[in-house]
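Please look at the sequence and the structure shown here.

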Amino acid sequence: MTEGSLGQRTGSYGSLQLHNLSGFGGGGLLQGKSPVAARKSSGRMIVSGKDGTLSFVWCRYLGRRKVSMLLLVALALVVFVLGFFTVNKESAGSNTAQRIGSLVPYGNDIASDPVISGQHEGKGNQDSRNSSTENSIRGSDENRVQHPPPPSFSRGAAVFPSEHPCKNFALPPPPPAALRRSGPRPCPVCYLPVEQAIASMPSSPSTSPVLHNLVYIHDENPIKTEPHGGSDFGGYPSLQQRNDSFDIQASMAVHCGFVKGSRPGHRSGFDIDEAVLTELEQFYDIIVASAIFGNYDIIQQPKNISELARNNIPFFMFIDEETEAHMKNSSVLDSSMRVGLWRIIVVHNVPYSDARRNGKVPKLLLHRLFPNVRYSIWIDGKLQLVVDPYQILERFLWRQNANFAISRHYRRFDVFVEAEANKAAGKYDNSSIDYQVEFYKKEGLTPYSEAKLPITSDVPEGCVIIREHIPITNLFTCLWFNEVNRFTSRDQLSFSTVRDKIIAKVDWSINMFMDCERRNFVIQAYHRDLLEHMAPPLPGSAVAQHPPASPGVQAAGKTPGKRIPPRHGRDKGSSSKRHRKAAAGNKEEGAI
């Protein structure tokens, strides 16, 4: 065995980078030269020095090799003795550390778990994800069932590398100004392969800060006591009740839609057939949900969904009777109540005349319709999902140690600017928008500035919501819905007010990721009425497929511009021309 191979073997216990650095930085080089230097200096000592004759006799009768072997044996004995004392010292120190650690509960449990420590989930408090949680902490309705144990592919079954595969991922630099295209577009996102994403799913719910038990106000005869806002479906909470709902306590009762009826969907407005309600109340680890009301959108089929997701994650699409009739007349929907991956849920007795306001019910109150769900992904009806749900949850929740994620608006981050944009586009009547913004301004709303960092925006692009269903996130969406019920249906205007009031009371945050990342996993299509007036695509025109990311980076492509004709008046019907947010994107580039 040569000295070079010896150095390489010892270096194999360190990282590859350290080994390479040792070869180039002098460590490996010094190891290769030191034996030669030692032999040369010992030769000089034999011919010159006080004990030259004795050294000559040793080398004459024993030979140089035997002398070298004796020296090596002596050196080995010295190293052994030193190592023995060092090991004893270290073991004594570790025993002391163990005695100290035993005084601190759970002192070393997480650090010693190679699976969790290999995740690099950002905030380092995985103990909150793995702590056992009682059913009362899950909050929600009285009909919550006992949860089954987590599936066999939960986090404990995974074996991860020492670093997250996406740890060093960075967005590529933007193209030169002359080559840049205007408007929003997707950007690359690093996803884990589906199997690794599934394995990273936490085995127990996250801990809800402060709030542990959340119940909902029931009122069969809601009465409007104040001149502004409210509905028979969402109730008429007073301003005092509204203010009290932001005072976070361990147990709370709040308005959260469905104030009538024995349970959500049963004689409550937004009614659902009894057999279907029983299906919704089952336990699900993950669901994907969407809605089309007023026959406003064309149903989009998800793509690149793994077999594991197809078999374990249900896709629910809520529609009203108008949309159901159109789908049946066009032979899209039959008695199976399925369209591709989507399980169609028909809603009767919708509570609002505005189709978009009806869409806020499943969007913000999924936890009321699905009281026994752990995670949900909401996408608006105009969106097509093109990345596996497991990969999305791993990327935007589990990897970030978050329990609520939503993308920020691609251009606007200030509520006052967003309000003016809504007025200019005719998204709602101007007086109602002005009233809402002035109300928030009197409560302390200020224009967004860097002083709010690390909060990066006050305006979300709310067409996708990724969340874990725990009491604090359920409360957030309840109070967000109450603002939509009291003021305008433009939920972008009320988002930051509800968020900021909650985080002022509890240690909680929302993962507001970039909008270009959202556009990576959903394709935004045109609304139905625009599509019906557009020329059909040319025959033979190619549409690039959006392949799954397995593993690594997924990139997406073009997003055409948008045209938004004006709309005026509150709660206009779905047949009116409004909300032409047509930032579509049917072209997707392959994975990088």
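## Aromatic pairs

The model is predicted. Across the whole structure, a search finds 25 aromatic pairs. One of them joins Phe233 and Phe258: the ring centres are 4.8 Å apart and the planes stand at 70°, so the pair is edge-to-face. The cut-off for that label is an angle over 60 degrees.

Phe233 belongs to the loop between β2 (213–216) and α9 (239–245), while Phe258 belongs to the loop between β3 (251–254) and α10 (274–280), so the pair ties together parts that are 25 residues apart in sequence. Are these two residues buried or exposed? Phe233 is buried, with a relative accessible area of 4%, and Phe258 is also buried, at 3%.

Phe233 and Phe258 are part of a cluster linked by ring pairs.

At another ring, that of Phe246, the charged end of Lys501 sits over the ring at 5.3 Å from the centre.

## The sheet

Eight strands form an open sheet with mixed pairing, in the order β6-β7-β5-β4-β8-β11-β10-β12. Its edge strands, β6 (338–339) and β12 (511–513), each pair on one side only. Helix α18 (residues 471–486) packs on the sheet and touches β10 (404–408) and β11 (460–468). The direction of α18 makes about 150° with that of β11.

## Strand β5 and its neighbours

Which strands pair with β5? Strand β4 (residues 284–292) runs parallel to β5 (residues 315–320), and five bridges join them. Ser290 stands opposite Met317 of β5, and Ile292 has Ile319 of β5 as its bridge partner. Strand β7 (residues 342–347) also pairs with β5 in the parallel sense, over six bridges. Here Ile319 stands opposite Val346 of β7.

β5 is mostly covered, with six of its six residues buried. Phe315, Met317 and Ile319 are buried on one side of the strand, and Phe316, Phe318 and Asp320 are buried on the other.

Note on methods. Residues numbered from 1 in each chain as written. Predicted model: local features only at pLDDT ≥ 70, side-chain atom pairs only at ≥ 80, totals over all residues. Heavy atoms only, no water. Phe/Tyr/Trp six-rings, centres within 6.5 Å; stacked < 30°, edge-to-face > 60°. Helix = DSSP H or I, 4+ residues; strand = E, 2+ residues; numbered from the N terminus. Buried < 20%, exposed > 50% of the residue type's maximum accessible area, 1.4 Å probe, protein only. Lys NZ or Arg CZ within 6 Å of the ring centre and 35° of its normal. Pairing = 2+ DSSP bridges. Contact = heavy atoms within 4.5 Å. Axes fitted to C-alpha atoms, helices over the stretch in contact; angles between N-to-C directions.
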